[in-house]
Amino acid sequence: MSKKLFSLLLVLALVFTMSATALAANEYSNLLPTVKTIPNDYANKIIILHSNDVHGALDGYAYMAALKNQFMAAGASDVILVDAGDFSQGTPYVSLSKGESAIEMMNAAGYDVVTLGNHEFDYGYTQLMENLSKAQFTTLCCDVYLAETGEPILPASVVMEPQGGVKIGFIGIETPETATKVNPGLINEIDFATFDKLYEATQAAVDEIRDDCDLVIALSHLGMEPEGALNGYRSADMLDHVTGIDFTIDGHAHYVMTSALDGKAIQSTGTKFAYIGVVVIDPETKTVEDNFLLDTSKLAKDEEVAAKAEEIMSSVDETYGAPFATSEVVLDGEKANVRTHETNLGDLITDAMVWSVVKEGGIEQVEPNQVVGITNGGGIRVTLQPGDISMSDVNTVMPFGNTVAVIYVTGEELLEALEASTFCTPETVGGYPQTSGIEWTLDTTKEYDQGEVYTLNGKESSYFAPASIQRVTINAINGEPFDPEATYAVVTNNFLAAGGDTYNVFNRAYVEGAGFDTGIPLDEAVMEYVTTELEGVISADMYGEPRGSLTQIEAEETEEAEEEAPAA
């Protein structure tokens with residue numbers, strides 16, 4: 001095949017059509033181009049291909065490897081593969097190996113530079129470093145330190161000089177939210193640069209290499225979600241405080257974007273290889289000449305890398321793929337829903353948690369009607385469709401390996417937990433409470449009364465305690481009147497018991513001995529509940545809709561009520 005013909009075929013293979021709007025949007029995300037065509041001449045260009053938030057989609061690495069070869073065949077002088085974090089968690093294909101299989105696949109695809117996402121720490125700092133010891137790529141992180149010495153856990157930056165004569169510097173940035181988005185008990189060895197310290201650490205990383213390179217590219221696992229804006233933790237906020245960065249490859253929020261509305265050069269590919277990002281560098285001007293996304297559904301796969309992914313996935317499917325139950329309904333685990341509203345999947349999981357503990361006994365400290373369940377919406381990762389359900393499905397919904405724990409708190413502390421965990425609702429927040437046994441009201445039209453920053457094990461978190469309870473009212477507990485001075489047993493997961501997300505108050509009780517870890521794996525608790533209590537069928541009668549434990553008042557409802565009110 002002639003080179004000219006190959007180039008023509010390449011053009012046809014890489015033409016793609018994108019959605020007219022971003023998959024997720026905020027004040028910064030822009031509209032995607034409706035059509036993007038790759039020119040057929042990449043002579044001497046340097047190409048950066050990037051991914052982010054792969055979350056266990058192992059078969060997608062074959063797209064990356066094939067695309068690298070295609071760009072090289074089209075005349076590129078060099079192709080660099082990078083990732084902006086969250087590759088270790090998301091499906092049983094990576095969670096069962098505690099992230100190691102993701103490293104294997106990234107090695108196979110030929111990655112060059114990556115940064116860490118918060119989910120790289122899900123299995124603990126020690127496991128992460130063991131995984132990275134097997135990586136054939138460079139891992140960067142400028143803002144995470146060893147607690148004992150203050151030394152960085154990884155290099156902050158690297159300067160590469162690919163074929164083409166351009167020096168490209170990369171820095172890696174991790175979200176400080178990791179401190180409470182990961183089980184705090186698994187990362188006691190490390191500290192995160194919070195608030196202004198994040199900007200200082202990032203600026204220091206840029207300054208260290210700026211004079212030695214032509215371009216500085218940030219691999220930023222900060223995201224662009226509104227939740228991050230509250231503490232200035234988004235990539236856009238970082239760029240408002242840091243100079244010297246030419247282009248930012250973003251992760252964490254799962255946004256699909258090619259720039260920001262205010263002109264910031266930020267690109268992100270969504271999640272699970274829906275797209276692959278492309279950054280084109282012109283060696284003559286030593287600038288970013290172009291940046292865009294490619295729809296992977298229009299791309300070919302590298303056969304060797306695809307075979308390796310299939311080998312890993314088939315082994316897992318053989319063990320975990322067999323159905324054990326069936327659902328009559330859609331079980332809603334959509335991110336935008338479980339982090340803002342009660343859902344039927346949240347009801348099912350919290351019911352299962354309470355059931356798993358009550359049937360075993362051991363919480364005689366309180367009456368049965370004083371036992372409630374809470375899990376965080378951020379711990380529910382996907383929606384399950386009607387039909388057969390397998391162990392793999394359940395593990396994909398809850399991939400963190402959490403166990404069921406019990407915390408004894410007062411009614412006042414329970415109010416604090418609910419208030420703190422809905423501080424920005426109706427904006428999404430990972431700590432949003434999915435509950436069982438609690439009838440409560442959340443009035444999002446009222447302001448959150450922000451108090452002091454929460455500290456955990458002497459370290460600042462990303463969240464603030466409520467100075468007063470303004471938005472949440474508990475109406476009843478298991479049908480009985482709520483008593484702020486009574487003691488309640490909260491059945492939760494060990495992540496929240498350790499103070500994860502916004503649940504600092506749970507950790508306060510836990511460290512004082514007011515609770516215990518049952519050791520029951522959370523996914524097993526759900527599976528046993530479904531097979532035993534529900535007799536293998538998640539019915540429409542039981543879980544067809546959210547049970548209505550929560551009454552949530554939002555601004556539009558208030559405005560409508562005012563409009564409908566009769567004139568005085």
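Helices (H or I, at least four residues) and strands (E, at least two) are DSSP runs, numbered from the N terminus. The model described here is predicted.

## The largest pocket

The largest pocket has a volume of about 810 Å³. Its lining counts 48 residues. Closest to the centre of the pocket are Asp 122, Pro 399, Phe 400, Gly 401 and Asn 402.

Four elements each supply at least two lining residues: strand S18 (371-376), helix H13 (391-397), helix H15 (494-497) and helix H17. H17 gives the largest share, 4 residues. By class, the lining of this pocket has 19 polar, 16 nonpolar and 13 charged residues.

## H12 against H17

Helix H17 also packs against another helix. Helix H12 (residues 344-358) and H17 (residues 522-533) meet at an angle of about 90°, with axes 8 Å apart. That angle makes H12 roughly perpendicular to H17.

H12 makes the contact through Leu 348, Ile 349, Asp 351, Ala 352, Met 353, Trp 355 and Ser 356. H17 answers with Leu 522, Ala 525, Val 526, Glu 528, Tyr 529, Val 530, Thr 532 and Glu 533. The classes here are 10 nonpolar, 2 polar and 3 charged residues.

## Two cavities

How many cavities of 30 Å³ or more does the structure hold? There are 2. The largest cavity has a volume of about 80 Å³. Of the 14 residues that line the largest cavity, the closest to its centre are Leu 345, Leu 348, Leu 384, Val 394 and Val 526. Strand S17 (323-327), H12, H13 and H17 each give two or more residues to this lining. H12 provides the largest share, 3 residues. The lining of the largest cavity is 14 nonpolar, with no polar and no charged residues.

Glu 177, Glu 227, Gly 228, Asn 231, Tyr 233, Phe 423, Ser 462 and Tyr 463 line the second largest cavity. Helix H8 (226-229) and strand S24 (459-466) are the elements that give two or more of these residues. By class, this lining has 3 nonpolar, 3 polar and 2 charged residues.

## H4 against H10

Helix H4 (residues 100-109) and helix H10 pack at an angle of about 170°, with their axes 10 Å apart. H4 is therefore roughly antiparallel to H10.

Ser 101, Glu 104, Met 105, Ala 108 and Ala 109 are the H4 side of the contact. Facing them in H10 are Val 305, Lys 308, Ala 309 and Ile 312. The contact of H4 with H10 divides into 6 nonpolar, 1 polar and 2 charged residues.

## H14 against H16

Helix H14 (residues 411-420) and helix H16 (residues 504-511) cross at roughly 145°. Their axes come within 8 Å. H14 contributes Glu 413, Glu 416 and Ala 417 to the contact, and H16 contributes Val 505, Phe 506 and Arg 508. The classes are 3 nonpolar, no polar and 3 charged residues.

## Salt bridges

The count comes to 16 salt bridges. One of them pairs Asp 59 with Lys 301. The closest N and O atoms of this pair are 3.8 Å apart; the cut-off for a salt bridge is 4 Å.

Where do the two partners, Asp 59 and Lys 301, lie? Asp 59 is in the loop between strand S3 (46-51) and helix H2 (61-73), and Lys 301 is in the loop between strand S16 (287-295) and helix H10 (303-320), so the pair ties together parts that are 242 residues apart in sequence.

## Backbone features in loops

The loop between S3 and H2 also holds His 55. His 55 is not a glycine, yet it has a positive phi of about 50°.

Is the peptide bond from Thr 425 to Pro 426 cis or trans? The bond is cis, with omega near 20°. Pro 426 is found in the loop between H14 and strand S21 (433-436).

Conventions
Residues numbered from 1 in each chain as written. Predicted model: local features only at pLDDT ≥ 70, side-chain atom pairs only at ≥ 80, totals over all residues. Heavy atoms only, no water. Axes fitted to C-alpha atoms, helices over the stretch in contact; angles between N-to-C directions. Parallel < 35°, antiparallel > 145°, perpendicular 65-115°, else oblique. Contact = heavy atoms within 4.5 Å. Nonpolar A, V, L, I, M, F, W, Y, C, P; charged D, E, K, R; others polar. 1 Å grid on protein atoms, 1.4 Å probe; cavity = no way out; pocket = protein on both sides within 12 Å on 5 of 7 lines; lining within 4 Å. Points joined across faces, edges and corners; volume = space filled by probe spheres on them. Salt bridge = Lys/Arg side-chain N within 4 Å of Asp/Glu carboxyl O.
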